[in-house]
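Work through the two exercises below. Each has a task and a stepwise solution.

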Amino acid sequence: MNEAQAVANKASLWKCFKGARLRDRGYLLIASWFFCGLLPGAPGTFGTMGAVIPAVLLGRLPFVYRVLAVGGIIIFAVFCSSRASTVLGDEDPPGIVIDEVAGYLIATIAIPVSFGSLALAFVFFRAFDILKPYPICQLERVVKGGLGIVLDDLVAGALALVVVRGILLVLR
C-alpha cells in the first residue's frame, strides 16, 4: 500500500467513525485499538505497541486466567473486526489493529514478563505478521470476515511464541 492509500484509509476510518451510530463507533474504537491504527506509518506496528501494556498486565496473572483473558480478547477481536470491516466496507482495513493485539498476546502468553522477552516477542511477531510465511499466507486468502482478519495474526503470534520460547530455553 502506498502513502496516498494509507492516508485515504485512515481518513475513511475517521470519517466513518464520526458518522457512525454510537454502537458502531464503539466497534471502530476497539477494532482500531483506541485509534492506534490511525497513527502515521505502520498501523500494525502501532497496534502491536498498544498491546504491550495489556501483555504486561496479563503476564502478572496466573496462567489459567491469562489463557481465559486472551481467549476472551480473541473472541472480542473477531467480533469487533467483523463489525468494523462491515462498517468500513473493506475486507481487511489497515486501521483495524485489534488482530495485532490478539496476535501479540498469543506471542506473550507463555513467556516471562521482562523487557527482553517482550521485545523478542514483538520483533518475531511483527516479522511473521509482515512476511506471512506458510501457513499464514494461506489463511489470509481462505478465511474471510472477522475470523480471517484475526486468524493470520493468531498463527503469527503462535509462531513467535514458539521461537521466543526456544530462544529463552537456549539462553538459560
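A crossing is left-handed if the near helix is turned anticlockwise from the far one by less than a right angle, and right-handed if clockwise. Helices are DSSP runs (H or I, at least four residues), numbered from the N terminus. The model is predicted: local features need pLDDT of at least 70, side-chain atom pairs count only at pLDDT 80 or more, and totals for chains, interfaces and linings use all residues. Residues are numbered from 1 along each chain as its sequence is written, and side-chain values use heavy atoms, with hydrogens and water left out.

**Exercise 1. Describe how α6 packs on α9**.

Step 1. Take the axes, lines fitted to C-alpha atoms over the stretch in contact, with angles from 0 to 180 degrees between N-to-C directions. Those of α6 (residues 98-108) and α9 (residues 145-171) come within 7 Å and cross at roughly 25°.

Step 2. Classify the angle. Under 35 degrees counts as roughly parallel, so α6 and α9 are roughly parallel to each other.

Step 3. Assign the hand. The crossing of α6 past α9 is right-handed.

Step 4. List the contact (heavy atoms within 4.5 Å). α6 supplies D99, E100, A102, G103, I106 and A107. α9 supplies I149, V150, D153, L154, G157, A158, A160 and L161.

**Exercise 2. Account for the cysteines C36 and C80**.

Step 1. Apply the disulfide rule: a pair of cysteine sulfur atoms within 2.5 Å. The count is 0 disulfides.

Step 2. Check the distance. For C36, the nearest cysteine sulfur is that of C80, 14 Å away.

Step 3. Check burial (under 20% relative accessible area, 1.4 Å probe, protein chains only). C36 has 16% relative accessibility, so C36 counts as buried. C80 has 0%, so C80 also counts as buried.

Terms used: Helix = DSSP H or I, 4+ residues; strand = E, 2+ residues; numbered from the N terminus. Parallel < 35°, antiparallel > 145°, perpendicular 65-115°, else oblique. Buried < 20%, exposed > 50% of the residue type's maximum accessible area, 1.4 Å probe, protein only.
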